[in-house]
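Have the sequence and the model at hand as you read.

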Amino acid sequence: ENNVYMKKNLSDLRIVLLISHYKENLSWLADISSTFPFIVASKTVRSRTLFVKRNKGNEVSSYLTYIIKYHNRYPKYTLFLHGHNEAWHQ
């Protein structure tokens with residue numbers, strides 16, 4: 001598993017997937033978790049996630065929490081993703 005939520009410095013990684021999570025089913029993550037390092041920024045789950053204390057601004061609060069926590073220690077690339085695999089707006 002490539003869950004790197006406890007890693008303090010991500011700068012040695014080429015890419016990290018940041019998944020914003022509220023109540024979505026994350027079973028789709030099993031399909032890619034062995035390929036890409038990832039962090040789940042969750043507003044509801046505290047275990048093995050980057051926990052986001054307040055559910056404000058939808059996914060933006062998850063992304064901002066990540067940006068603040070890893071300031072100056074980012075991987076080369078970060079993909080900011082929603083927690084759902086499918087949506088009405090696809």
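Predicted model: local features only at pLDDT ≥ 70, side-chain atom pairs only at ≥ 80, totals over all residues.

Residues are numbered from 1 along each chain as its sequence is written, and side-chain values use heavy atoms, with hydrogens and water left out.

Ser20 belongs to strand E1; helices (H or I, at least four residues) and strands (E, at least two) are DSSP runs, numbered from the N terminus. What does the side chain of Ser20 make a polar contact with? The partner is the side chain of Ser62, at 3.1 Å. A polar contact here is a pair of N or O atoms within 3.5 Å; within protein, one must be able to donate a hydrogen and the other to accept it, and residues adjacent in sequence count only if both atoms are side-chain atoms. Not counting residues up to four places away in sequence, Ser20 touches Ala41, Lys43, Glu59, Ser62, Tyr63, Leu81, His82 and Gly83, contact meaning heavy atoms within 4.5 Å.

One of those neighbours, Tyr63, leads us to the aromatic rings. Rings of Phe, Tyr and Trp (its six-membered ring) pair if their centres lie within 6.5 Å; planes under 30 degrees apart count as stacked, over 60 as edge-to-face and the rest as tilted. By this rule there are 4 aromatic pairs. Tyr63 and Phe80 make an edge-to-face pair, 5.0 Å centre to centre with 70° between the planes. Because Tyr63 lies in helix H1 and Phe80 in strand E4 (residues 77-82), this pair ties together parts that are 17 residues apart in sequence. Tyr63 counts as buried at 14% relative accessibility, whereas Phe80 is partly exposed at 37%. Another pair, Tyr66 with Tyr74, is tilted, at 6.1 Å centre to centre and 35° between the planes. Here Tyr66 is buried at 1% and Tyr74 is partly exposed at 30%. Tyr63, Tyr66, Tyr70, Tyr74 and Phe80 form one aromatic cluster.

Tyr66 also takes us into the largest nonpolar core, which has 13 residues; Val4, Leu10, Val16, Leu18, Ile39 and Tyr66 touch the most other members. Such a core is a set of buried Ala, Val, Leu, Ile, Met, Phe, Trp, Tyr and Cys residues joined through side-chain atoms within 4.5 Å. At least two of its residues come from each of strand E1 (15-21), strand E2 (38-42) and helix H1 (59-69).

Finally, step back to the whole protein chain. How many helices and strands does the protein chain have? There are 1 helix and 4 strands, running β-β-β-α-β from the N terminus on. Buried residues make up 34% of the 90 residues. Among contacts between residues at least 6 apart in sequence, 52% join residues at least 24 apart. The C-alpha trace spans about 35 × 30 × 25 Å along its principal axes.

Notes
Buried < 20%, exposed > 50% of the residue type's maximum accessible area, 1.4 Å probe, protein only.
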